[in-house]
Amino acid sequence: MPEEGHPEIMKTNAIGRVYTVHPNNAECFYLRMLLHEIRGPTNFTDLRTIDGYICHTYREACQRLGLLENDNHWELTLQEATLTASAEQIRELFAIILTTCNPSNPKQLWDSFKRNMSDDILYQIRQANPELTIEFNDDIFNETLIRLEDKCLAINNQTLVEIGMPAPQRNTFSVLNYEITKEKSYNVNELLEYIAHNKPLLNDNQKKIYNVIMNRINNNTGGIIYLDAPGGTGKTFLINLILAEIRAEKHIALALASSGIAATLMEGGRTAHSALQLPLNIAEQQFPVCKISGTSGRGQLLKHAKIIFWDECTMAHKKSLEAMDRTLQELRKNSEIMGGALLILSGDFRQTLPVIPKSTPADEINACLKVTSLAKSTNTAINKNMRVELSKMKQQHIFKKYFYK
Ligand SMILES: Nc1ncnc2c1ncn2[C@@H]1O[C@H](COP(=O)(O)OP(=O)(O)OP(=O)(O)O)[C@@H](O)[C@H]1O
């Protein structure tokens with residue numbers, strides 16, 4: 001029989017199907033669990049009401065009903081870790097437990113072990129302020145929660161609240177400290193040594209591009225420069241040199257790449273998807289933006305970056321670049337292209353284009369960076385294949401050694 005006013009919905013006494021929910025989708029998972037336990041609820045609050053008490057979350061209701069596993073083994077695991085592991089290692093372990101093992105009462109585990117997880121932070125603060133008597137306090141625990149949340153975000157892209165933990169107070173100051181300190185903590189002496197060794201090696205072509213980019217940085221001119229560089233022409237070599245130059249000045253330079261392998265070749269490189277928090281279904285969205293807030297660590301990095309490199313950009317969907325443009329304009333409060341930041345796109349359009357499942361070549365070309373209006377960039381190219389040049393030199397050397405003795 002159809003439901004009144006909704007002819008498309010059929011009315012019946014039997015529940016046909018309750019969708020499966022992954023435990024990572026925590027509150028939905030616990031709601032589903034309660035739906036199987038509580039008889040005749042008439043609203044969502046009914047589901048959370050246990051013995052007349054309205055629980056704040058569905059997880060809490062499940063706990064009160066004794067539906068969740070005992071966390072004893074996680075207590076023992078952490079207890080054992082406290083005997084030998086450092087605070088950083090215990091945080092790492094706790095982050096893994098939180099994100100992959102779904103403990104039933106994470107808050108209780110936190111309360112039991114928060115001191116062990118905050119030891120190093122207390123020590124650092126005491127070292128920095130030897131004249132003060134500092135003990136564990138809420139600020140220290142908050143800093144621990146921030147570091148813990150960063151780990152959870154890196155492992156599973158979940159915030160602590162989503163896992164059922166207390167939310168850290170992320171004021172700009174502490175976030176700035178963590179992300180920006182990380183970017184500014186390069187060893188300047190090592191960087192200067194690297195520059196002194198590699199800068200004289202630049203070939204004419206690389207030197208020309210190096211000068212173009214450094215001029216833009218020195219004049220604070222933003223925009224997009226496209227660096228057309230077939231494999232082996234020394235693009236990574238050039239990028240690493242410029243990254244070192246900027247970082248040696250204690251400025252922020254970001255190195256992004258479309259693939260993990262390319263990211264590992266650049267010093268401090270990360271994948272564009274992770275650094276920009278690009279949506280996974282970017283192709284389906286009309287006006288996508290990066291999921292980065294202005295006060296977050298990543299937001300601050302993008303706001304203050306002197307230069308951003310994006311290697312293997314030819315594999316990126318054009319909407320990724322458009323999302324980055326919108327986000328940078330918003331973060332930097334600047335309506336110029338890329339919010340006035342200097343973006344260097346490098347890659348080779350003769351290699352892989354964006355991969356679109358079940359697509360035709362036309363779809364791939366349509367998703368390509370060249371099709372977006374942002375493609376009106378300054379074009380530069382390097383074409384001398386240094387990999388071949390170097391191997392030629394090596395062969396010449398062997399040849400000389402054995403045949404001209
Ligand atoms: N000017 C240079 N002097 C000496 N060695 C160089 C120079 N430029 C590049 N090389 C060396 O040439 C090799 C290839 O360079 P690199 O890896 O930077 O090229 P690439 O364009 O990034 O290549 P791919 O796209 O295949 O990753 C590396 O071993 C690098 O150290």
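Me: Does Trp 110 count as buried or exposed?
Reply: In this predicted model, local features need pLDDT of at least 70, side-chain atom pairs count only at pLDDT 80 or more, and totals for chains, interfaces and linings use all residues. Residues are numbered from 1 along each chain as its sequence is written, and side-chain values use heavy atoms, with hydrogens and water left out. A relative accessible area under 20% means buried, over 50% exposed, and in between partly exposed (1.4 Å probe, protein chains only). Trp 110 has a relative accessibility of 4%, so Trp 110 counts as buried.

Me: How many aromatic pairs does a search of the whole structure find?
Reply: Rings of Phe, Tyr and Trp (its six-membered ring) pair if their centres lie within 6.5 Å; planes under 30 degrees apart count as stacked, over 60 as edge-to-face and the rest as tilted. With the whole structure searched, the number of aromatic pairs is three.

Me: Are the rings of Phe 29 and Tyr 30 stacked or edge-to-face?
Reply: The ring centres of Phe 29 and Tyr 30 are 5.5 Å apart. Their planes stand at 80 degrees, so the pair is edge-to-face.

Me: How far apart are the ring centres of Trp 110 and Phe 141?
Reply: The planes of this edge-to-face pair are at 85 degrees. From centre to centre, the distance between the rings is 6.2 Å.

Me: Which residue lies over the face of Phe 141?
Reply: Phe 141 counts as buried, at 10% relative accessibility. A charge sits over a ring if NZ of Lys or CZ of Arg is within 6 Å of the ring centre and within 35 degrees of the ring normal. At 4.7 Å from the ring centre, the residue over the face of Phe 141 is Lys 114.

Me: Which residue do ring pairs link with Trp 110 and Phe 141 into a cluster?
Reply: The cluster is built by ring pairs. Besides Trp 110 and Phe 141, it takes in Phe 136.

Me: How far apart in space are Ile 134 and Leu 122, C-alpha to C-alpha?
Reply: Ile 134 is in the loop between H6 and H7 and is buried, with a relative accessible area of 13%. In sequence, Ile 134 and Leu 122 are 12 residues apart. Their C-alpha separation in space is 7.6 Å.

Me: At roughly what angle do the axes of helix H11 and helix H12 cross?
Reply: Axes are lines fitted to C-alpha atoms, for helices over the stretch in contact, and angles run from 0 to 180 degrees between N-to-C directions. The axes of H11 (residues 204-218) and H12 (residues 235-248) come within 11 Å, and they cross at roughly 30 degrees.

Me: Which residue of H12 in the contact with H11 is a Glu?
Reply: Contact means heavy atoms within 4.5 Å. H11 contributes Gln 206, Ile 209, Tyr 210, Ile 213, Met 214 and Ile 217. From H12 come Phe 237, Leu 238, Leu 241, Ile 242 and Ile 246, together with Glu 245.

Me: Where is Gln 277 placed?
Reply: Phi of Gln 277 is near 50 degrees, a positive value in a residue other than glycine. Gln 277 counts as buried, at 17% relative accessibility. Its place is in the loop between helix H14 (272-276) and helix H15 (297-304).

Me: What is the relative accessibility of Glu 312?
Reply: Glu 312 also has a positive phi, near 50 degrees. It is found in the loop between strand E8 (307-311) and helix H16 (318-332). Glu 312 counts as partly exposed, at 25%.

Me: By what distance are the C-alpha atoms of Lys 318 and Leu 369 separated?
Reply: Lys 318 is found in helix H16 and is buried, with a relative accessible area of 16%. Along the chain, Lys 318 and Leu 369 are 51 residues apart. Their C-alpha atoms are separated by 4.4 Å.

Me: What percentage of the residues of the chain count as buried?
Reply: The secondary structure of the chain comes to 18 helices and 10 strands. Of its 405 residues, the share that counts as buried is 41%.

Definitions and conventions
Helices (H or I, at least four residues) and strands (E, at least two) are DSSP runs, numbered from the N terminus.
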